[in-house]
Structures are given as C-alpha cells and as structure tokens.
Amino acid sequence: MSVVTSSLSIDQQKKLLSVLGHVRLHLLYKASVHGFTAAAFHNRCDKQGPTVIVAYNAAGFVFGAYTSKDYTQSGEGVRDEEAFLYSISAGEDKPLRVAGISGQSAFTDGATGPNYGALVFLHEDKPEIQSNPGTSFTFQAAAMHGEDLALTEFEVFRVEGLGDVLAKPWRNVQWTAERKQQLMKVIQSYKPDIKTVHEARVLLVGPVGAGKSSFFNSINSAFRGNMTCQAIAGTAGKSVTTQFRTYTIKAGKRGGAVPLILCDTMGLEENADAGLDIEDLVNIYKGHIKDRYQFSPSTPLQVDAPGFRKQATLNDSIHCVVYVIDTCKVSLLTQKMLDKFAGIRKKTNQLGIPQILLMTKVDEACPLVAEDLKNVYRSVYIQRKARELSESLGIPLSCVLPVKSYSEELELDQDTDILLLTAVEQMLNYADSFFENQVIEDQEGIEQLDLYRSNDLTRPVLSEQTKHIV
C-alpha cells in the first residue's frame with residue numbers, strides 16, 4: 001500500500017494555513033494518483049465536511065477554494081458565507097484571499113468537477129480549469145492563476161479545526177523529574193503475580209507506519225539514558241518489520257533487564273493478502289511463534305513449521321495487547337482497516353487478553369502539543385481524536401493513551417519520557433489483570449496454577465484443560 005503525499009512545499013503549506021486558521025489538513029484526493037475526473041473527485045471528497053481545493057499549474061501558482069459545506073451532488077447552488085478562493089504565488093509574500101459575492105451561491109453542487117462559478121475545476125474531466133471572474137467571486141485572472149488554465153496537479157484536503165486549549169486537562173499528569181523516577185522505579189520493580197512468569201509480554205499491533213518500532217526504541221532509550229535504535233524503524237509504505245521480534249529492555253548500558261518484553265509484529269494492511277495475518281496473530285497470542293519468525297502474508301505459520309513452538313507456556317503467551325495508531329491518520333482509517341481491527345479485537349477478547357490503544361505522533365497531529373507536550377491533555381483536538389478512536393474501535397476511552405516517540409531528537413526529554421513511561425505502567429497494570437483473571441476464570445485449574453505461584457522456577461507445559469488461558 002503506497003503512501004499518497006501532497007505536492008505542497010513547506011512554504012506553500014504555511015501560506016495556505018495562514019488563510020485557513022488553526023486547522024489540520026488531511027489529504028483526501030490527488031488527481032495524479034486517483035484520476036483527473038469528476039467521478040474520482042466525488043468518490044473521495046463527497047460528505048467530508050469542510051474541504052480545501054489545491055490546484056497547481058506550470059506558471060507556479062497554487063490556488064483553489066475553501067468551503068465549510070459538504071459536496072453531495074444535490075444539483076443545487078450552495079450558499080456558504082465562509083467560502084473563499086485563494087492563490088499562492090512565488091512572487092508574493094502573502095496569499096490572495098477572495099471572499100464570495102454577497103447573495104450569490106458559493107458553488108454549484110453538481111456531479112461535475114467542483115464548480116465555484118468563477119473557477120470550475122476538472123472542467124470536462126480534464127486537468128484544466130474554466131475561469132469566469134465575476135461569477136460568485138471577483139478577481140484578476142493574472143493574480144489568481146497567471147492565466148494558465150492547465151493543471152499539473154489537483155488535490156483536495158479535509159480541513160479539521162484544532163479547537164482551543166481546554167481550561168482544565170482531561171487527565172492529570174505530574175510533569176516532574178520525581179514523577180519520572182517514580183515511574184521508572186515502579187516499572188523496574190514489577191513482578192508478575194504468577195511466580196514462574198518472570199516478565200510481562202506485551203504485543204504491539206498496528207497499521208504500517210503507525211510507530212510500533214519507534215515506540216519500543218523510545219522506551220529503550222528512556223531506560224538506557226541515551227538514544228537507541230535496536231528495532232528497525234522507517235517511513236516506507238510497506239512494513240519495515242517483517243519478523244516477529246521480542247525485545248528486552250535494559251536499565252542502563254550494563255544494567256539489569258526490565259521485567260517487560262515488548263513484541264513487535266509486521267504492520268497491518270487493508271488487503272487480506274497483505275500485512276500481518278490474523279491466524280499468525282492468534283498463534284503469537286498463544287505463545288506458539290518463536291522470536292525472529294519471518295512472516296509470510298500469503299501463508300500463516302503451520303504447526304509443523306520450524307518457527308512453531310508446540311509446547312507453549314504462560315511465559316510464552318501475550319499478557320497485554322497494545323494497538324498503535326498514528327494520530328495524524330485517525331480520520332483516514334478506511335472501513336477495511338476498521339473491519340480488520342474489529343476481527344482482531346474479537347479474537348483478542350475471546351482469549352481474555354486486556355487491550356490498550358496508543359495514539360502516536362501527537363506532536364505532529366497538533367501544533368499546540370508540538371509547542372509544549374504538556375498541552376497533550378489540554379488539546380481539544382487530541383481529546384476529540386481519542387474519543388473518535390474509542391468509538392470506532394470499541395475501546396474504552398480510559399484505555400486510549402496519547403504518546404510521543406523520539407524521531408529526530410538526539411537528547412532525551414523529560415516530558416516525552418513521562419508520557420512513554422505512563423503508558424508502560426498501564427501495560428503492566430493490564431498484564432496483572434490478565435494474570436488475576438486466570439485464577440478467577442479457571443476454577444478447575446487452580447491447583448495447577450497454584451503450582452505456578454510456588455518458588456519452583458520450572459515451566460510446566462499447559463494441559464488441554466488450561467489451554468484457553470494462553
């Protein structure tokens with residue numbers, strides 16, 4: 001699954017945002033990829049709420065139209081007092097902004113390309129515009145598009161308001177050095193309730209590029225005291241992780257191991273024959289897949305394969321599942337991806353494994369958070385995205401945790417570490433819930449589980465009677 005990116009330069013994006021206000025842009029449609037046709041435009045842009053058109057021509061102009069209304073192909077003229085046309089050119093420091101003519105419709109909501117009267121985009125299903133200054137909007141053609149009507153590219157973005165800062169944070173966090181040390185001490189001294197289980201095993205699951213490997217590297221860096229890159233992370237359109245990996249975290253360069261194993265997997269992809277296979281995921285949950293197993297999206301691991309562990313114990317199984325989702329892409333999760341998550345959630349619930357959701361890249365998603373990470377629980381936008389994820393994936397809001405991983409930094413940051421370590425603390429709490437549920441749910445197997453709680457460090461193999469607890 002290739003990643004579609006905008007052709008806007010950083011300078012052009014800043015100028016566009018200067019006329020739109022405090023918003024975030026989500027690319028919906030790119031004509032060079034999806035087609036220079038009205039049908040392709042409507043397929044991706046109808047009923048998307050506020051949108052902005054970005055058209056490019058060879059004369060160096062970037063211009064378009066903003067509307068706060070939906071495209072619905074109603075065939076009616078749509079009035080929108082907030083609609084405007086704009087133009088950005090290399091020779092001008094400030095963008096041109098043109099408001100609509102009072103009393104006239106902003107655009108005609110038909111089945112053609114976007115028709116703003118003065119500017120008709122994708123005219124006759126071609127990479128060109130029709131220019132009619134004076135209809136709905138008035139401007140000088142030379143200033144709007146340099147009188148070059150041919151398009152080299154055409155994009156449409158959903159426009160999401162970021163909102164204001166909440167008067168009171170929706171979660172309380174102590175942003176102090178003492179709190180960081182307290183979290184590290186709690187994590188390092190963690191002991192599973194079942195004595196023969198020596199550490200909690202947490203599995204990271206998420207779409208390609210969500211930041212699973214980066215999250216592990218960041219946790220490892222926080223405990224090591226310097227930047228590390230043990231797990232391979234990248235920005236490719238396809239999964240960088242192709243093996244099942246289990247990672248141990250050490251406190252300091254020559255320190256002891258933290259009682260937590262973070263397990264990384266191949267990224268999820270929309271298509272059934274791409275990305276992590278759900279059957280492989282279930283085998284990971286049950287402890288049957290060994291470290292460094294090479295995933296094959298076309299064929300799940302077979303019982304007689306070299307990478308299959310037949311004799312799995314509670315030590316090998318997963319005790320908490322963490323879904324990892326890029327906050328910047330919450331609104332762009334497709335129905336296919338949501339359906340895949342629903343299937344995974346169903347399997348995970350059947351096995352009684354607690355689940356947490358990490359919202360990564362919160363600093364990239366919200367400028368307020370980028371300015372100061374302490375704003376993460378005061379950002380209206382981050383709170384809205386957390387609720388959106390909670391509703392769409394069916395995960396309680398209390399299980400949704402915003403985090404920022406290290407990406408370009410060379411030095412550790414206290415606020416970043418506190419968010420990361422808070423997430424780890426919750427993972428251990430949920431792993432404890434998993435261990436406690438084994439006794440509650442398996443009354444017939446209490447005698448065997450009591451042996452687990454003895455000081456005997458042998459690892460008994462689970463019988464068929466207790467197989468469901470893995």
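Q: Why is Glu-409 called partly exposed?
A: This is a predicted model, and in it Glu-409 has a relative accessibility of 25%. Buried means under 20% and exposed means over 50%, so at 25% Glu-409 counts as partly exposed.

Q: What makes Glu-409 and Lys-404 a salt bridge?
A: Their closest N and O atoms are 2.5 Å apart. The cut-off is a side-chain nitrogen within 4 Å of a carboxyl oxygen, so the pair qualifies as one.

Q: Is Lys-404 buried or exposed, and how do you know?
A: Lys-404 has a relative accessible area of 8%. Since buried means under 20%, Lys-404 is buried.

Q: What makes Glu-425 and Arg-179 a salt bridge, and which parts of the chain does the pair link?
A: The N to O distance is 3.4 Å, and the limit is 4 Å, so the two side chains meet in a salt bridge. Glu-425 sits in helix α12 and Arg-179 in helix α5 (residues 177-188), 246 residues apart, and the pair links these distant parts of the chain.

Q: How do you know whether Glu-425 and Arg-179 are buried or exposed?
A: The relative accessible area is 15% for Glu-425 and 18% for Arg-179. Buried means under 20%, so Glu-425 is buried, and so is Arg-179.

Q: Why is it said that Glu-153 and Lys-30 tie together parts of the chain?
A: Glu-153 forms a salt bridge with Lys-30, with the closest N and O atoms 3.6 Å apart. Glu-153 belongs to strand β10 and Lys-30 to strand β1, so the pair ties together parts that are 123 residues apart in sequence. Both residues are buried.

Q: Why is Lys-126 called partly exposed, and where does it lie?
A: Lys-126 has 39% relative accessibility. Lys-126 lies in the loop between β8 (119-121) and β9 (129-131).

Notes:
Residues are numbered from 1 along each chain as its sequence is written. This is a predicted model: local features need pLDDT of at least 70, side-chain atom pairs count only at pLDDT 80 or more; totals for chains, interfaces and linings use all residues. Side-chain values use heavy atoms; hydrogens and water are left out. Helices (H or I, at least four residues) and strands (E, at least two) are DSSP runs, numbered from the N terminus. Buried means under 20% relative accessible area, exposed over 50%, partly exposed in between (1.4 Å probe, protein chains only).
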